Every structure is written in structure tokens, then in C-alpha cells.
Amino acid sequence: MNQDKTPPANDDSAVMEDLMRMQGQTLQAMFAPFLPTHDSKPPTPTDLQHWAMSAAKLQKMWLDFGAEQAGALEPMLARLGGGDQWSSLASQWLGALPLGMAEVQARLWDESTALWTSVLAHYAGGKPKPDAELPRKDRRFADPRWRDQPVFALLHQTYLLLSERINAMAAEAEGLSADKKAQLRFVTKVITDALSPANFPLTNPVVIERTLEMKGENLVKGAEHLLADLRKGQLTHTDPHAFELGRNIAATPGKVVHETPLFQLIQYSPVTDEVLEVPLVIFPPWINRFYILDLNPRNSFIRWAVAQGLTVFVVSWKSADASMAEVVWDDYVRAQVEAIDVVRARLDVPAVHTIGYCVAGTTLAATLALLARRGEADKVASATFFTAQVDFEKAGDLKNFIDEGQIKMLEGLASDGVLDGRFMALTFNLLRGPDLIWNYVVNNYLLGQDYPAFDLLHWNGDTTNLPFKWQKAYLEDLYRDNRLVVPDAITIDGTPIDLRQIATPCYIQAGREDHIAPAESVWKLTRHLAGPWRFVLAGSGHIAGVVNPPEAGKYQYWLAPGSPATLDEFVATAQETRGSWWPDWIEWIEARAPGRVAAKGKRKPGGRGDRVIEDAPGRYVKTR
């Protein structure tokens with residue numbers, strides 16, 4: 001006879017409860033032994049519940065992501081060249097370094113032993129001496145927790161020693177051409193940066209301590225960041241919701257006054273009663289958005305230039321789509337000529353000042369040479385170059401991405417004749433991996449920190465797509481073969497060009513710490529001009545060296561008397577001035593053409609009788 005009984009506990013529930021408990025204990029146990037201030041008290045049930053929930057969240061997120069991305073990895077690897085190519089590259093890298101040689105291993109062992117002895121001498125009694133100075137310093141390990149325990153001190157000091165020695169081996173490798181040796185050095189730096197103990201949760205004491213404090217919630221939040229980035233195919237540097245075009249970035253008032261399938265032309269509204277008669281046309285690089293020069297009112301070059309009495313026009317390039325698959329460099333040169341002519345006709349002036357930034361500066365040099373060959377050089381009153389190269393012999397680390405294998409890989413990544421801008425963003429980030437990649441891996445993924453609101457980083461992640469046909473020719477003709485400085489070696493729009501015919505007055509700005517367009521490379525432009533030039537070396541790099549408003553009081557710049565023949569001679573004779581070089585530039589501009597006119601009529605875009613297309617910053621800067 002059956003009797004009513006209280007049903008036993010659900011077996012499935014018990015199993016899940018045990019599993020959750022085990023996951024929590026495992027995750028907690030992974031980190032607890034490493035905590036410098038760890039005590040031996042056992043975790044409470046509440047602690048274990050927190051750890052279990054963290055483990056369960058992590059597991060679910062990864063399972064969901066795996067199911068979502070199933071089948072996507074293999075096609076991507078195929079487009080990148082397949083696993084065989086990556087294995088081959090790794091083998092070539094290892095084969096170029098003498099790591100397997102007995103004498104090299106013996107020397108590394110002896111140096112490591114000496115290092116360990118030196119480091120451990122600071123930890124008598126298990127605690128570091130108050131005035132202890134470790135042999136090697138690196139800002140990645142500046143937090144005192146890297147020195148609180150000998151295990152972490154030994155770990156990061158050993159890494160720094162090995163990294164130093166391996167990079168030295170790459171620099172001293174024999175039997176390689178100069179290009180291949182430079183590529184080996186770059187790849188070695190990328191790999192050793194990636195292997196830093198700061199980049200891994202169980203070897204970073206700052207991450208371990210935060211993980212224990214938050215009971216794994218930082219790893220959950222970090223995994224959310226990581227998976228979001230994997231889905232969009234790009235590392236996030238800043239709060240994606242903090243900025244809005246036209247509201248708190250790219251907000252200088254103006255109108256779009258001209259439009260083609262390749263670019264929009266923006267004219268900014270004057271803020272002075274009179275303006276310089278000769279207007280300014282700015283050509284920003286199309287590998288980024290134009291608003292690097294209009295981030296916010298405090299550091300906007302565009303807003304500042306308007307306040308100096310310039311009538312400012314800026315080209316806003318369209319991010320490439322399938323309709324632009326056949327666009328080549330000639331089209332960008334013709335676009336610059338068109339923008340110059342539109343401004344001249346619109347304001348009824350014979351000439352304009354011009355600025356070309358980075359790749360658009362390279363193109364501006366080609367434009368000037370084209371106009372000179374056609375007898376139309378007087379359309380441009382002056383040309384300013386921001387960190388622009390024309391002679392690519394000393395073009396820096398970017399040359400490490402330009403060989404047949406790299407170009408073929410890019411070709412495999414192109415779709416519908418267009419290269420996704422995220423690949424170029426990754427390339428530029430790799431040039432400063434510790435700052436632009438691994439620092440954010442630690443902060444975003446391991447520490448689970450909130451994203452900062454930083455307009456410059458927002459711009460850095462706002463990528464543009466590129467016509468691959470143009471990109472391929474640019475890499476081959478300029479970076480690889482350096483044809484732009486060979487007279488008549490390049491033809492633009494049916495006309496051979498020669499930089500030596502450029503007699504337009506030029507202002508050439510370079511960044512002392514520029515890793516994209518090295519100062520030595522930018523300097524070479526002075527060797528190919530027929531007209532007068534002024535060279536200024538600015539403090540900082542490719543962005544901060546340009547975007548440095550006077551009010552900030554940051555950095556410095558150098559000018560040299562006479563006409564130095566080399567950059568070394570320039571540096572040896574240059575005089576340093578604290579602060580921004582912008583005031584020097586505007587003095588140079590006013591000296592070229594000091595005449596002023598009233599700021600009325602079409603000097604005020606969108607006024608009575610002036611048909612415009614839309615408000616700045618326009619549609620093109622918003623296309624993705």
C-alpha cells in the first residue's frame with residue numbers, strides 16, 4: 001500500500017547545486033594563493049555563492065558565444081591564409097633567432113640566475129626593503145604590488161630580461177636584408193609585448209587582488225567587454241555612447257556646400273567681422289574621420305583657425321563601399337583639385353591656402369606637382385603638411401607590413417573591392433601595442449573597468465573603409481617602390497608629375513615621437529621642393545604633435561635658422577619654444593597673404609541666396 005511521502009530532493013537540482021559550488025570553489029582557489037595579503041580563513045557560503053555565480057556567468061557567456069560564432073572561424077582563417085601560413089610565419093620567426101643554441105641558453109641561464117640573486121636580496125625576511133630598487137623598470141609594472149612579493153618581482157624582472165635579450169637577438173640577426181631584419185625586429189617586439197605577465201590573470205597581482213575583492217565579477221564584466229569586441233571585430237578603447245557627432249564632437253558650426261560621391265566639402269561659419277581674403281582648404285586623411293581636427297571646442301584646430309580670421313573649408317571623405325571599388329589615387333588627387341576650384345569659384349578668389357594631413361598630405365604634394373606641370377600652380381597660395389611623407393625610404397614600422405605576403409593577405413581580407421577599416425586600425429594599434437592594445441586588454445578584460453569617455457580614443461576607433469585597389473597601389477608604388485620621388489615615374493590623371501617643380505611656399509610639420517610618419521621621413525620632403533619652405537619639429541607624435549592648442553600649454557616645438565641640409569643639422573641648430581606651434585603657423589600664413597575682407601556674403605555659408613546641402617558635420621562622416 002502506497003503512503004504519501006515528502007518527495008525527495010530533485011536529483012538534477014542537487015547535481016546543479018554541487019556543480020555550482022565546485023565551480024565557485026575552483027575559481028576562488030585559482031586566485032586566492034597568489035594574493036599578497038591573503039589570509040587563510042576559509043570562504044563563507046556567501047563568498048562561494050558569489051564565486052559560483054561568477055563562474056556560471058562566464059561559462060554561459062562563452063557557451064553562447066561559441067554557439068553564435070560556430071562555423072565562422074574557419075572561413076576567417078581561410079581568408080587570412082589558413083593555419084599553415086601562420087605556422088610558417090611562427091617557424092620563420094623562431095628560426096631567425098638563435099634561441100636553440102647551447103651557448104645562448106647557457107648565457108640566458110647565467111644572466112637569469114644573477115638577476116634572481118639580485119632581486120631576492122631585496123626580500124630578507126620575506127618583505128621588500130623600503131628603498132629596494134629592482135634592476136629593471138617598465139611602466140607596465142609600476143604598481144607597487146609587482147614588488148610586494150618576491151614571486152611577482154621575479155616574474156616581471158625575468159620577463160623584462162628575456163624580452164630585452166630576445167629583442168637584441170632580433171636586432172643582431174645575420175643573413176637578412178635590411179627590410180627583413182626590420183620586419184623581424186618588429187614581429188619580435190609584438191610577440192614579446194604580447195607575452196608580458198601583465199596580460200594574463202594568474203600572473204598579474206593587480207588582477208588577482210581585484211578578482212578576489214570582487215569575487216570574480218571583474219572577470220565577468222571583462223568577458224562581456226571581450227565578447228562584445230569579438231562580435232564587432234575591434235578593440236574598444238572608450239565609452240561608445242559618450243560622444244555624438246555634431247553635439248560634443250565635430251560640433252564647430254558650418255554647412256556642407258558641395259558634395260560628390262567621394263567627398264563632402266564643409267565651410268565653417270566665421271566668428272570675426274573680417275576674415276583673411278585667402279581661404280583655407282583642409283584635406284584630412286581618408287583612412288580616418290576628419291574630426292580629429294575638430295574633437296571638442298578646447299582642442300579643435302578648425303575652431304581655432306576660424307577664430308584667427310580664416311575662412312575654413314574641410315573635405316569630409318566618404319567611407320568606401322562597393323560603389324567605390326574602382327577608386328584609385330588619381331581620384332583623390334582630382335578631388336583635391338576639385339575642392340580647390342570649388343572654393344576659388346565660390347568666394348571669387350584666385351588662390352587658396354591648403355593643409356594636407358598624413359596620407360592627404362602625400363596626396364597634396366602630388367596635387368601641387370600636377371598643378372605645376374599643368375601651369376596652374378598659382379591656384380594654391382601656400383601648402384601646409386601635417387606629418388606627411390613623400391619619400392618613403394625611412395617610413396618607419398609601417399614598412400614592416402608591406403611585402404608580397406602581407407599585401408596578398410590584405411587582398412584576401414578585402415570584400416567587394418573594399419578593405420574594412422578595422423584591419424587598418426589594428427595595424428596602427430600594433431605600432432604601439434603596449435599603449436593601444438595590451439593596456440586595454442588588462443583594464444577592459446581582466447580588471448573589468450568601465451570605459452573612459454575620451455574623444456581622441458573615440459575618433460581612433462571610428463574607422464573608415466578603404467578602396468582596396470587604391471590601397472594596394474599606394475602600398476606598392478609609394479611604401480615599397482618609393483616612386484613618388486622619382487621624377488615622372490608616376491602619372492596622375494594622364495600627367496606625369498615631378499615634385500621638384502613645386503615652387504609653392506610650404507610649411508612642414510613633423511612630430512618628434514611620431515611612429516607612423518617618422519620625423520626623419522617627413523623631413524625628406526624639404527629635399528624635393530623648388531620653392532621656399534619652413535620646417536617645424538613639434539613635441540609628441542602623429543596626433544598630439546598636431547592637435548596641440550595654445551591654451552593647453554603642452555609640449556614644445558623647434559625651429560632652426562637658415563636652411564639646414566639634414567634633420568641632424570636642423571636639430572643641432574634648432575631653438576626650442578615651449579607650447580604650441582599653431583601661433584607660429586598663423587603668423588606664417590598671414591605673412592603670405594595679409595589682406596582681409598568683410599565676413600559677409602558667401603563668407604557666411606547658408607545666408608540669404610546661398611544654397612547649401614546640410615549642416616556640418618554632414619552625412620559622410622556618419623557613414624559606416
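Angles between axes under 35 degrees count as roughly parallel, over 145 as roughly antiparallel, 65 to 115 as roughly perpendicular and the rest as oblique. This is a predicted model, in which local features need pLDDT of at least 70 and side-chain atom pairs count only at pLDDT 80 or more, while totals for chains, interfaces and linings use all residues. Residues are numbered from 1 along each chain as its sequence is written, and side-chain values use heavy atoms, with hydrogens and water left out.

The axes of helix H12 (residues 329–347) and helix H13 (residues 359–373) come within 9 Å and cross at roughly 70°, and H12 and H13 are therefore roughly perpendicular to each other. Axes here are lines fitted to C-alpha atoms, for helices over the stretch in contact, with angles running from 0 to 180 degrees between N-to-C directions. Contact (heavy atoms within 4.5 Å) involves Trp329, Tyr332 and Ile340 among the H12 residues, and Ala360, Leu364 and Leu371 among those of H13. The residues of this contact of H12 with H13 divide into 10 nonpolar, four polar and no charged, where Ala, Val, Leu, Ile, Met, Phe, Trp, Tyr, Cys and Pro count as nonpolar, Asp, Glu, Lys and Arg as charged, and the others, Gly among them, as polar.

## Overall composition

The protein has 21 helices and 17 strands, which are DSSP runs numbered from the N terminus (helices H or I, at least four residues; strands E, at least two). Of its 624 residues, 50% count as buried, with buried meaning under 20% relative accessible area, exposed over 50%, and partly exposed in between (1.4 Å probe, protein chains only). Among contacts with a separation of 6 or more, 79% come from residues 24 or more positions apart.

## Helices H10 and H16

The axes of helix H10 (residues 217–232) and H16 come within 6 Å and cross at roughly 120°, and that makes H10 oblique to H16. In this pair, H10 residues including Asn218, Leu219 and Asp229 meet Asn444, Tyr445 and Leu446 in H16. By class, the contact of H10 with H16 has five nonpolar, four polar and one charged residues.

## Helix H18 and its cover

Within helix H18 (residues 468–480), the buried residues include Phe468, Trp470, Tyr474 and Glu476. Their cover includes H12, H13, H14, strand S8 (418–419), H15 and strand S9 (466–467). Just after H18, asparagine 482 takes a positive phi of about 55°.

## Aspartate 397

Aspartate 397 is found in the loop between strand S7 (380–386) and helix H14 (404–413), and at 33% relative accessibility aspartate 397 counts as partly exposed. Leaving aside residues up to four places away in sequence, aspartate 397 touches Phe186 and Leu431. The C-alpha atoms of aspartate 397 and arginine 185 are separated by 9.6 Å, although these residues are 212 residues apart along the chain.

## Pocket and cavity

The second largest pocket has a volume of about 1000 Å³ and is lined by 42 residues, of which Arg432, Phe454, Leu456, Ile543 and Ala544 lie nearest its centre. Helix H15 (421–430), helix H16 (433–446) and helix H17 (455–461) each supply at least two residues of this lining, whose residues divide into 22 nonpolar, 13 polar and seven charged. On a 1 Å grid over the protein atoms alone, a pocket is an open set of points with protein on both sides within 12 Å along at least five of seven lines, a cavity is a set where a 1.4 Å probe fits but cannot get out, and lining residues have an atom within 4 Å of a point.

A search of the whole structure finds one cavity of 30 Å³ or more, and about 70 Å³ of space lies in the largest cavity; grid points are joined across faces, edges and corners, and a volume is the space filled by probe spheres set on the points. Residues lining the largest cavity include Trp286, Arg289, Lys318 and Val621.
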